[in-house]
Amino acid sequence: MVEQTRRRARIGTFMVLGLVAITGCSTAVTSGSGAAGSGGDERAAAVNAVSMDDVDVDDTDNDDSPGAAATATTAVPTTTAAPTTTQAPTTTQAPTTTSPPTTLPPTTTVPANIIPVAVSEPPMQAVGTASGQETARIQMRLLELGFWLSAMDGEYGLTTSQAVMAFEKYMGFDADGRVDERTAEALTTMTLRPIARANSGTLVEVDKAKQLLFFVIDGKTEWILNTSTGNGEEYTEPDQNTPGEMISGVSLTPSGLHKVDRERPEGWWEGDLGEIYRPKYFVGGVAVHGSNSIPNYPASHGCVRVSVPAMDWVWDSGIMPMRTPVWVHDGA
């Protein structure tokens, strides 16, 4: 813009000078009369007037001079800010309500060897050792609880007395083999079958503390017999097989895990310390065998005594074959 102004000023100047030169020439030609000279001055004045009106002289070499024209300043265009975008208001979601965890009562898993039984109705009656219909009910209840006896015939015989004695031993009662009020009530209110300590495998368990023999089949106590084991006392007695000889020792039923390693299937056998019936030996000369004396306390020289009918059942049922484990413990 400034450069264009300068060019216009220079062009205007050149035009004035040209006109002046032409005027001078005309004056020289017509200078013969004053009137003519006067007319020339008027034309020059008119040219100068036109030239000065049409030409905007700008002394661009001295911008700081007081007469210099102010340079036009083009203002920076105002930037219109982009309109503020108003975001959609954030929707506050309702807080999630967390329900308190429901605590269920723990599931109680009953071990496989625990077998429930119902309370007997009507209640058992104390029969002592009398036979009869009530005794048949007692026999049935004893079998239900796992105490072996030979028959539910209502006869209060040897195996019934032995089964009652075994039940009383298990309950911790005085074991006399009679059904008194205490024994009758306990028989009535039992809700679980009695169990051995072993809860797995198939074995014979001899509990010397309770003086009981358990048959455990696949972890479940199937049958219980009354028994009498060694009393732990020293003895010196005649050798029944060698006249004149004495045998000394300790009446001990060895604790531990053993197994049936020999047996005598038929009848009575004369042992060194007396007769034994159909023995099944499990450690040395110590055996489970039938006997005519099975008191409510340890009385043997070390063997595990059961009644003769019970020993016949052991053989007939096949519940204690060769290699059967025999676990003997003190109940502790």
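This is a tour of one predicted model, stop by stop, with what to select at each.

**Before you start**

Local features here need pLDDT of at least 70 and side-chain atom pairs count only at pLDDT 80 or more, while totals for chains, interfaces and linings use all residues of this predicted model. Residues are numbered from 1 along each chain as its sequence is written, and side-chain values use heavy atoms, with hydrogens and water left out.

**The whole chain**

Show the protein chain as a cartoon: it has six helices and 12 strands. Helices (H or I, at least four residues) and strands (E, at least two) are DSSP runs, numbered from the N terminus. Of the 332 residues, 35% count as buried; buried means under 20% relative accessible area, exposed over 50%, and partly exposed in between, with a 1.4 Å probe and protein chains only. Among contacts (heavy atoms within 4.5 Å) with a separation of 6 or more, 54% are between residues 24 or more positions apart.

**Stop 1: Glu121 and Pro122**

Select these two residues in the chain. A cis peptide bond joins Glu121 and Pro122, with omega about -5°. Pro122 sits in the loop between helix H2 (34-54) and H3. Most peptide bonds are trans, and most residues other than glycine have a negative phi.

**Stop 2: helices H3 and H4**

Next select residues 133-145 (H3) and 158-171 (H4), which pack at an angle of about 55° with their axes 11 Å apart. The axes are lines fitted to C-alpha atoms, for helices over the stretch in contact, and angles run from 0 to 180 degrees between N-to-C directions. H3 and H4 are therefore oblique to each other: angles under 35 degrees count as roughly parallel, over 145 as roughly antiparallel, 65 to 115 as roughly perpendicular and the rest as oblique.

Which residues make the contact? Show the side chains of Gln139, Leu142 and Leu145 on H3, and of Thr160, Ala163, Val164 and Phe167 on H4. These residues divide into five nonpolar, two polar and no charged. Here Ala, Val, Leu, Ile, Met, Phe, Trp, Tyr, Cys and Pro count as nonpolar, Asp, Glu, Lys and Arg as charged, and the others, Gly among them, as polar.

**Stop 3**

Move to Gln211, in the loop between strand E1 (203-207) and strand E2 (212-217). Its phi is near 60°, a positive value in a residue other than glycine. Gln211 is buried, with a relative accessible area of 4%.

Is Ser228 buried or exposed? Ser228 is buried, at a relative accessible area of 0%. Leaving aside neighbours within four places in sequence, its contacts include Gln211, Ile294, Cys303 and Arg305. The side chain of Ser228 reaches the backbone oxygen of Tyr297 at 2.8 Å. A polar atom of that side chain also lies 2.9 Å from the backbone nitrogen of Ala299.

**Stop 4: Arg278**

Select strand E9 (residues 274-283) and find Arg278 in it. Phi of Arg278 is near 45°, positive in a residue other than glycine. At 11% relative accessibility, Arg278 counts as buried.

**Stop 5: helix H6**

Finish at residues 308-317, helix H6, whose buried residues are Val308, Ala310, Met311, Trp313, Val314 and Trp315. Ser307 caps the N-terminal end of H6, with a side-chain oxygen 3.1 Å from the backbone nitrogen of Ala310. Just after H6, Gly318 takes a positive phi of about 70°.

Terms used:
A polar contact is a pair of N or O atoms within 3.5 Å; within protein, one must be able to donate a hydrogen and the other to accept it, and residues adjacent in sequence count only if both atoms are side-chain atoms.
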